[in-house]
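Please walk me through this model in a viewer. Tell me what to select at each stop and what is found there.

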Amino acid sequence: MSKKLFIETLGCAMNTRDSEHMIAQLHEKEGYTTTQNIEDADLILINTCSVRERPVHKLFSELGGFNKKKKPSAKIGVCGCTASHLGEEIIKKAPYVNFVLGARNVSKISEVLHKDKAVEIDINYDESEFAFDDFRTSPYKAFINISIGCDKKCTFCIVPKTRGDEISIPDELIVNEAKRAAKNGAKEIFLLGQNVNNYGRRFSSSEHEKVNFTELLRRLSKIEGIERIRFTSPHPFHMDDEFIEEFAHNPKICKSMHMPLQSGSTKVLKDMKRGYTKEWFLNRVEKLRSVCPEVSISTDIIVAFPGESDEDFSDTIDVVNKVKFDQIFSFKYSPRPETEAEHFTNSVDDAVASERLSYLQSSHNELLDAIRVKYLGQTFRVYFEALNKDNFVSGRSDTNLVIKVKGSEELLGQFRDVKITKVGRAVLTGEIVA
Ligand code: SAH
Ligand code: F3S
């Protein structure tokens, strides 16, 4: 009987891919298969996120719960960004934890498994050329890392401290991975990096061809079998005209762009060290919409960054009203250890922060209701990728709308034209017309 792995993944798409890499290594090298039952597991992994403060005691109470439920012989490992920044402290506080593996040390999973109390959290470790074994949760959509780490120094962000400096993965490795995914049936690839359109600035060796992100997109779009390309996250600062033109005119690139705004105030953006102004952001949206009118735009916004005045917040609302984002991920600012903003003293009162967040969310919901009602009766090409409850199958439009229809698993991995019959905030319902 194979050994069983239980893995919990928190946080971003990159963590999801890191978990797939660990599952692949543990399967190939150590003979593990996954289980949804902690009680059956021989190894329990928690792949953590530290972007916003999740009270540390919550991690430890969860670990305590795992420790009570697990088989006596089962091991527990803490991985990901919180592993990178707390390191040894995790084992000091929870001595039953067997190892700690940082977000930039995923390839060492088999190694730490056999060393009790191992702590591998080196953020200078370069695994940009490590050949992971293949494993994908979904056969229809393939996540592919194109870089590790982040070179930006946004003052609120812990990621450069947990994932280290940015290194691009050589383009031939990415192209080969995409070809393998296509051969295994994936028609969509999803490129991942903290700052994807900075791709190509630095490789682990100067011998690698200096390919930029636009060129990488062109090369990937030539692969037979790959019909859709998505990526996250691009940085507004690096959205030059060449990139926007390629995005607009390359038919394989999905017309959905994530443009993390963070704040609409040029003063706050400066304090955040984002490298662009309110005007630059609006100018990039205008350029994008002028060459690609159907594009859907999503964003991330932080409210109540230290020093954010009512006027600064109004600038954010102004951008939201002007751009009419199709989706907003919004957060209250959360001070993070080892970031510059942690030392800023002009923090915003928590009651004001909550008020701003709920104002932002409710005013965006009103905008969204007006945008989405227009989809009624429209037809979208949907790539189906998930079975839902009550005989529904769901997928996404090119513009990233989640759409479901009545149907069965034969639809999975297929494209169909769907006419929208019902509009909801998160999901649209429709009927197949072709
Ligand atoms: N490069 C990635 C950023 C990863 S963090 C990207 O552009 O998507 C994901 C999001 O979390 C950020 O865009 C930001 O909106 C939010 N975030 C990061 N640090 C934060 C903090 N200290 N407090 C609140 N939100 C934060
Ligand atoms: Fe964080 Fe800014 Fe990089 S948000 S991940 S430091 S681009």
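This is a predicted model: local features need pLDDT of at least 70, side-chain atom pairs count only at pLDDT 80 or more; totals for chains, interfaces and linings use all residues.

Across the whole structure, a search finds 34 salt bridges.

The C-alpha trace spans about 60 × 55 × 50 Å along its principal axes. Colour by secondary structure to see 13 helices and 19 strands. The radius of gyration is 22 Å, close to the 22 Å given by the globule rule for 434 residues, so the chain is as compact as a globular protein of that length. Buried residues make up 54% of the 434.

Now select glutamate 177 and arginine 17. Their side chains form a salt bridge with an N to O distance of 2.8 Å. Glutamate 177 sits in helix H7 (residues 171–183) and arginine 17 in helix H1 (residues 13–30), so this pair ties together parts 160 residues apart in sequence. Both residues are buried.

Arginine 136 belongs to the loop between strand E6 (118–120) and strand E7 (141–145), 41 residues from glutamate 177. The relative accessible area is 19% for arginine 136 and 14% for glutamate 177.

Move to glutamate 340 and lysine 273, a salt bridge whose closest N and O atoms are 2.9 Å apart. The two residues are 67 positions apart, each in a loop. Glutamate 340 is partly exposed at 38%, and lysine 273 is partly exposed at 45%.

Finally, select Asp171, Glu209, Glu215, Arg218, Arg219, Glu242 and Glu246, which are linked in a salt-bridge network.

Conventions:
Residues are numbered from 1 along each chain as its sequence is written. Chains are lettered from A and ligands numbered from 1 in the order in which they are written. Side-chain values use heavy atoms; hydrogens and water are left out. Helices (H or I, at least four residues) and strands (E, at least two) are DSSP runs, numbered from the N terminus. The radius of gyration is taken over C-alpha atoms; the globule rule is 2.2 Å times the number of residues to the power 0.38. Buried means under 20% relative accessible area, exposed over 50%, partly exposed in between (1.4 Å probe, protein chains only). A salt bridge is a side-chain nitrogen of Lys or Arg within 4 Å of a carboxyl oxygen of Asp or Glu.
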